[in-house]
Amino acid sequence: MQITATTVSLTVDDVAASQRFFTEHLGYGVQMAAEGFASLSRPDAAADIVLLARGTEVLPPEQRDQRASGLILALTLTGIEGEEKRLRDAGVEITMPLREEPWGERLFQITDPNGVVVQFVEWAAEAAH
């Protein structure tokens, strides 16, 4: 097996709201979009994102009414303080403030309009370089 890309598919109530959030605040671009669907990507190592409207018939019946929940989309980066400030200055609510865990993980979280939690991570050892 050779994996050529990673995509996270999220079922949400309002595709347009999540699409705006990811494009305006997180630098994703729209690759394809249609009623109840959007495919987003970035030119770096971030996972691609597919947004599907809850209830869409392209999903199997047992999945149609589920929402993206219990999921954290974690993005590892450098310069975490600057990213938190940029998002805060843009009016994005920081739903978990920047903190450092005892094992060296520095992180903070934001939440999109559909409740999708995005966590930004920087390893303290990487920040020292």
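Leaving aside neighbours within four places in sequence, which residues is Glu-84 in contact with?

1. **Glu-84's contacts.** This is a predicted model. In it, Glu-84 is in contact with Ile-94, Pro-97, Leu-98 and Phe-108, once neighbours within four places in sequence are set aside.

2. **Glu-84's setting.** Glu-84 sits in helix H2. Its relative accessibility is 11%, so Glu-84 counts as buried, the cut-off being under 20%. The Glu-84 side chain also reaches the backbone nitrogen of Leu-98, at 3.5 Å.

3. **The nonpolar core.** The largest nonpolar core has 26 residues. Those with the most contacts inside it are Phe-22, Leu-26, Tyr-28, Ile-49, Leu-87, Ile-110 and Phe-120. Two or more residues each come from strands S1, S3, S4, S5, S7 and S8, and from helices H1 and H2. H1 gives the most, with four residues.

4. **Ile-49 up close.** Take one of those core residues. Not counting residues up to four places away in sequence, Ile-49 touches Thr-7, Val-8, Leu-10, Phe-22, Tyr-28, Ala-38, Ser-39, Leu-40 and Leu-73. Two of these partners, Phe-22 and Tyr-28, are also on the list of core residues with the most contacts.

5. **The largest pocket.** About 220 Å³ of space lies in the largest pocket. Helix H1 (15–26), strand S5 (72–76) and helix H2 (80–89) each supply at least two lining residues. The lining has six nonpolar, two polar and four charged residues. Among them are His-25, Arg-42, Asp-44, Thr-76, Glu-83 and Arg-86.

6. **Where pocket and core meet.** Look at Leu-26 and Phe-120. Both line the largest pocket, and both are among the residues with the most contacts inside the core.

Methods
Residues numbered from 1 in each chain as written. Predicted model: local features only at pLDDT ≥ 70, side-chain atom pairs only at ≥ 80, totals over all residues. Heavy atoms only, no water. 1 Å grid on protein atoms, 1.4 Å probe; cavity = no way out; pocket = protein on both sides within 12 Å on 5 of 7 lines; lining within 4 Å. Points joined across faces, edges and corners; volume = space filled by probe spheres on them. Nonpolar A, V, L, I, M, F, W, Y, C, P; charged D, E, K, R; others polar. Core = buried A, V, L, I, M, F, W, Y, C linked by side-chain atoms within 4.5 Å. Buried < 20%, exposed > 50% of the residue type's maximum accessible area, 1.4 Å probe, protein only. Contact = heavy atoms within 4.5 Å. Polar contact = N/O pair within 3.5 Å; in protein donor to acceptor, adjacent residues only side chain to side chain.
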